Amino acid sequence: DQNLHSHDTNHFGMNSSNTISGGRHESSARGIGQDSPILIGEHLRLIDAKAKSIGSKELTNREVNHNLQLLDRERMEVQSFEIDRLKSSNFFQLHEIKTDISGGSQTTQNLVQITLREWIEISSPKRNGFVAVEEVPDYIEAALHVALELARCLARSEEFNNDGISLASISAENVQVQVAPKRHAWLPQNIKDYGDGTDDRCRHNIHGVLYLPSTDSTAGCNSSRLFALGVVFLELFSYGTEILSGDVLKSIQKSAASSSMAMMCINIDDSDVPPSGRPRKRSAVDKNDSNYADQMHRLKSLGVHDPICVLLRNLLDCVNGDFCGNEAYKTFADVKLDLEMMIDVPLRFLRNCDAGQSCQIERGDILFGREECIKQLNDAYKRSCSGEFNGVLIRGEAGVGKSKLSTIIEQIARDSNGYFLRGKFDQNHEIKPLSVIGHVFNNICNMIAVDIFSFEDEIKLAKSLESALGSRAWVLAQIVPSLSKLMPLQQLSCVSLQSVDLAESVRYLLSTLLSTITKHFGKPIFIVFDDVQWADAASLQMFTSLLYTKKNVFFAFCCRDGDTSIQAEDPFQVWLQSISVFSLQQIHVTNLDYEGVNNLISHDLCVSPRLTRPLSKIIFNKSLGNPFFVWRLLESLKKNEMIYFSRRESRFAWDIDKISDLEISDDVLSLLIMEMKKLPSDIQMGLKVFSCIGASVNEAVIEILSSHLAINLGSILDDATRKCYMDKVAGTKKYRFVHDRVQQAAYEMIPEEDRRLYHMNFGLSICSHVLNGENDDLFFTSVNQMNQGGPEILADPSQKPVIARLNLNAGAKCIELSDYASAIRYFTNGVAFLGPNHWNDQYDLSIELYDSAADAACNLSDLVLAEDFAKTIIHRAKWTEHKLNAFYVMSKTLRKKSLLRESIHYVLSVLNELGEDTTPIGEETQLIDRIRSIMNSIASFPDETILSFKMAERKQFICCM
């Protein structure tokens, strides 16, 4: 018999001298290759037949044991070869699940293979019939990785249409786990040595899992194979506890192995009814799930997470074949995806939920379907480091997620150890001029002040800034107050700005400040400006100046496409054309495709993507893939109880039939208005009030208007925040609408004939609190509100001059901040509030407004408007002194039109009208000679002589000069 066994072994190409060490076959088998006609399953069956035949022969006990040992070794060699074959095949690759605890790598010789059942026994948190609760999380984590690898193996087999893993192989006995023992030298059969060590962490030190071939090579149908995987997972996650009795399991497995998957007896579970009260339509899953209700409750009592229980139930439900429920798995790829999501995003896909915790749909921060945009952002930054790009211009329609991409820029900033800053503009300009840019630079100064490590660095930076900015730093401090943290400002005296282009000066100073900071620190600075289509002209000009700062600065400008309210001649459109000279990479953000929408809905609802596909299809068709529309639609469906929290599933569920029949607006604005009209009346009122103020509202305004309206707007604001209409702006006392479309919807709920009255009343109320104060933010808010109301809405005509004076003061403050565009807007509004007979009734105020408007328009090179205001003053002014500035503006407009000769003649005529003798001037060549002579004379004066000159005081003399 020994000779016969030796002959059979050689026939199959096995070398009887091969040895086993550490559970691994150390030499490769000869004669058995991938092209061998001998099947592994047949070979194993032949070995089993030999083992059975040994008992029928007349052999001594010693001979029987010897032959059985030889057959065992042969079986191990065949199985070891099959492992190597699977590892080199197209559909199987061993994946490292968890690296060595100590951080070192394990060699192949150190790995030991044990069965899954042995690993469960070793690693189980169950002790003497009780579960060690503190050990459950580590076990679940390791078990999830084991389960994922098992699903990957089958998914690859499914992908390549390869039935290499038979149905019988999908069992706990045929699953091998590769582990790397840490402190104990042990063999697989010595289980206790592995489990009683002092370092329990080694129990989860897994390096791979794989299937061993079974003697039964029957592939089985897809449903039976899925069910078999569910049985393996059931044993894995129940810590080896018998959840299904052996007799029941054998009966089910026998049924599953047959081609006609007979439907099991069922019960009906009516425990889950939507909040609407209408019974949910029953499907096969409702009936079949009750078969495993007791088992799932037992699993939960062992500390197994709800999503894992649902996964097991949907796998076990596959036993019913074509009669299984809607949520039963159809492919191993879906099983693999669900396990990956549990591992990668456990806070959403592995957590236990209850109805109280899930009252709101949580909007996630992950960007779906934006891989190309993210790649473009990363490429743009890399190229900006080499000086090839200044930054990016992110464009797209409203709601596509342009602002969300700024989170990627923020991540790049963190990875680069840089500074990240962001500013957002408001359509209504309900902020102090240049406050957005000032806020950004203020934050830069605050960050730099924190990062200064030593007194020497502080002195060095202060000297650099003093040298670069000079005495005009105090001008910059009006916009960037935190500049005082980087350099001393109290030593600087205010210089005269009469002959200085203040707007150009501030643009130069901000650019110099940015360049000096980046040069001194070397850290990259990332600045995102959002909704730049609403930026004022002064800020747009500031952007152009800042773009010249190329080193260590990365800009991102987000703007909306397709907005009909922005005309071709709008300053923003002009700016877009002007920046073509800069290297800004344009990134166009579009709506999501169907897969992107499904992933977004799956993530926000914390439900597997395979289950959300029917819902996603309906929402995609309605929203066309607009992410903001998708999110608001989900919120709307939940408020209408078509999406609800299922107690049985411990997750969100939905009534797909009712959603399919629902009439949904194709416009997100209409959807928002419809939803807002269902809110309580006090919240509706609050949203209307907030929308009038602008995209954001601060607590001071809330307090004033609460008193004015006799309602608690603070409480209403909290309710609006909970309902996802408003958000608290981090680090400020402001609340902001979650999206400009939400503000627009709230504003459109106000009847058009009432909007101006709202603005005027709010403006007057806020103004009464700031007339004697110095709160610029409140001051500008009040004036802007009254301007939006307009003079026609005022019932008391005596209030018009007051508001006109407030606009004059607001314009003057804008000029102090070098924002001439906003200044001209305030001056023009001030003129509109003057009465019909204002040249008689408000003469002085009229002169001031027209004079200031003409000067601001000239500085903006709006020459037509400047001439119009100047000519009106010259025509209407009662005294020559009041015409002087208008004369000067007229001469400047001619010069800016490149009409130098006409300008000279106009000046000479004005000087003659003012009584100045211009006879000595003579011809143009003589004038130029006289100017040069005066220049040379002044140049020869010592500084002390010039400083001793008396300051000119007469306005006419100064104008003539």
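In this predicted model, the charged end of Lys 878 sits over the ring of Tyr 843, 4.8 Å from its centre. Such a placement requires NZ of Lys or CZ of Arg within 6 Å of the ring centre and within 35 degrees of the ring normal. Trp 631 carries a charge over its ring as well: the charged end of Arg 632 lies 5.0 Å from the ring centre.

Local features need pLDDT of at least 70, side-chain atom pairs count only at pLDDT 80 or more, and totals for chains, interfaces and linings use all residues. Residues are numbered from 1 along each chain as its sequence is written, and side-chain values use heavy atoms, with hydrogens and water left out.

Aromatic pairs number 25 in the structure. Rings of Phe, Tyr and Trp (its six-membered ring) pair if their centres lie within 6.5 Å; planes under 30 degrees apart count as stacked, over 60 as edge-to-face and the rest as tilted. Phe 555 and Phe 557 are stacked, at 6.0 Å centre to centre with 10° between the planes. Phe 557 and Trp 575 form an edge-to-face pair, because their planes stand at 70°, with the centres 5.4 Å apart. This pair links distant parts of the chain, 18 residues apart: Phe 557 belongs to strand 11 (residues 553–560) and Trp 575 to helix 21 (residues 571–578). Helices (H or I, at least four residues) and strands (E, at least two) are DSSP runs, numbered from the N terminus. Both Phe 557 and Trp 575 are buried. Buried means under 20% relative accessible area, exposed over 50%, partly exposed in between (1.4 Å probe, protein chains only). One aromatic cluster includes Phe 425, Phe 529 and Phe 543.
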